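This report covers the domains, the strand pairing and the backbone exceptions of one protein model. Please have the sequence and the structure open while reading.

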Amino acid sequence: MAAAISAGESVRGTTSPNPPVGCAIIDASGHLIAVGATSPAGGAHAEVNALAAAGERAQGAVAIVTLEPCAHTGRTGPCTHALIQAGVAQVIYLTKDPNPEAAGGAQVLRRAGVQVAYEPREVVALGAWWASISMQRPAVTWKYAATLDGFTAAADGTSKWITGEAARAHVHRDRARRDAIIVGTGTALADDPQLTARRPDGELYSTQPERVVVGTREITGNLARLGFTQYPDPESALAALWERGARDVLVEGGASLALSFVNAGLVDRIQAYVAPALLGAGRGVLGGPLATTMSQAQRFRVERVIQLGEDVLIEMARKDLLEQDK
């Protein structure tokens, strides 16, 4: 299972609109034979890649797949057919497929005489894709860095650097796994950001997110040359990104844009990078109020807390966000 999960994680950011799935093939003694992951859109799915690596050794083997094998023909043939043709004896899948067009693979396999077991596990790599299919729009993560007292910039406007090198490196690794990064026109015009995913030495990661600006002010100069796309509001941006195959997007700034997404109910997850520092005054994470009393506060559930050098990353999700079956 660990090998299958790791394989899926390794292709995050490269497979949309398809999910980043991993597959491990093991023999009757439990020895790992082969591992495969989803290719970029239009390419082979994880099961097909794993079966190709296993060859004849797949006969009578067990396939562990992070997502229920698909039973439909899209750009490629159904994975259930490939598993049956390879002579796999058993398939274990960790997540049910929420897509009605692709679901039902478990039943197809059973009818063909393949043993099937559903062993639910949380597969982090599939989280955004799973939610996006359920909502029929890209899953949105709002990311910000702030001090302990909730400021993203000091009173004089300075914001570099709130967090340390380890947190900033994590941000760039995370960008490489997203389909798009969204900022507001205020941030775009004031900061002239690159919004690329870079290694600590400045080298670009092999996968880069689409760069999107939301707002009514025109973007010109370097931003236009860099290929930024612009939309007037969050809803139109997400609709266009969905049509282009984006399933996992990151909202990075600024405070007014974040408020627009939160007020519209479009923030599914939050990444709060918190630095052990105090300012006492400055710019807050949101560009306006959401509630006037505690009973109206929007609350999220904590999923993970990660130490990054001296900083802490708190990952949260909407309390009503649909979860993978697990």
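Two strands count as paired if DSSP finds at least two bridges between them. Strands (E, at least two residues) and helices (H or I, at least four residues) are DSSP runs, numbered from the N terminus. The model is a predicted one, in which local features need pLDDT of at least 70 and side-chain atom pairs count only at pLDDT 80 or more, while totals for chains, interfaces and linings use all residues. Residues are numbered from 1 along each chain as its sequence is written, and side-chain values use heavy atoms, with hydrogens and water left out.

**Strand pairing**

Strand S4 (residues 90-93) pairs with strand S3 (residues 62-65) in the parallel sense, over 4 bridges. In this pairing Gln90 of S4 has Val62 opposite. S4 also pairs with strand S5 (residues 115-118), in the parallel sense and over 4 bridges. Here Val91 stands opposite Val116 in S5.

**Domains and their interface**

The domain assignment gives domain 1 (1-128) and domain 2 (137-321); such bounds come from an automatic or database assignment. The C-alpha centres of the two domains are 33 Å apart. Contact, meaning heavy atoms within 4.5 Å, involves 10 residues of domain 1 and 11 residues of domain 2.

The size of an interface is often given as the accessible area lost when the parts come together. Buried area is that loss, taken with a 1.4 Å probe and summed over both parts. Domain 1 and domain 2 bury about 890 Å² between them, and 46% of this is on carbon and sulfur atoms. On the domain 1 side, Arg12, Ser16 and Ala128 lose the most area to domain 2, together 50% of what that side buries.

A salt bridge is a side-chain nitrogen of Lys or Arg within 4 Å of a carboxyl oxygen of Asp or Glu. The whole structure has 18 salt bridges by this rule. Glu122, in the loop between S5 and H5, and Arg304, in strand S14 (residues 300-308), form a pair between distant parts of the chain, 182 residues apart. The closest N and O atoms of the salt bridge between Glu122 and Arg304 are 3.5 Å apart. Across the interface of domain 1 and domain 2, the rule finds 3 salt bridges.

**Backbone exceptions**

Most residues other than glycine have a negative phi, and most peptide bonds are trans. Which places in this model carry a cis peptide bond or a positive phi? They are listed in the table.

| Site | Feature | Angle |
|---|---|---|
| Ser16 to Pro17 | cis peptide bond | omega about 10° |
| Lys160 to Trp161 | cis peptide bond | omega near -10° |
| Gln136 | positive phi, not a glycine | phi about 60° |
| Leu195 | positive phi, not a glycine | phi near 55° |

Pro17 is in the loop between helix H1 (2-10) and strand S1 (22-26). Trp161 lies in the loop between strand S7 (151-153) and helix H6 (165-175). Gln136 is in the loop between helix H5 (127-135) and strand S6 (139-147). For Leu195, the loop is that between helix H7 (185-191) and strand S9 (210-214).

Methods: Buried area is the accessible area (1.4 Å probe) that two parts lose on being put together, summed over both.
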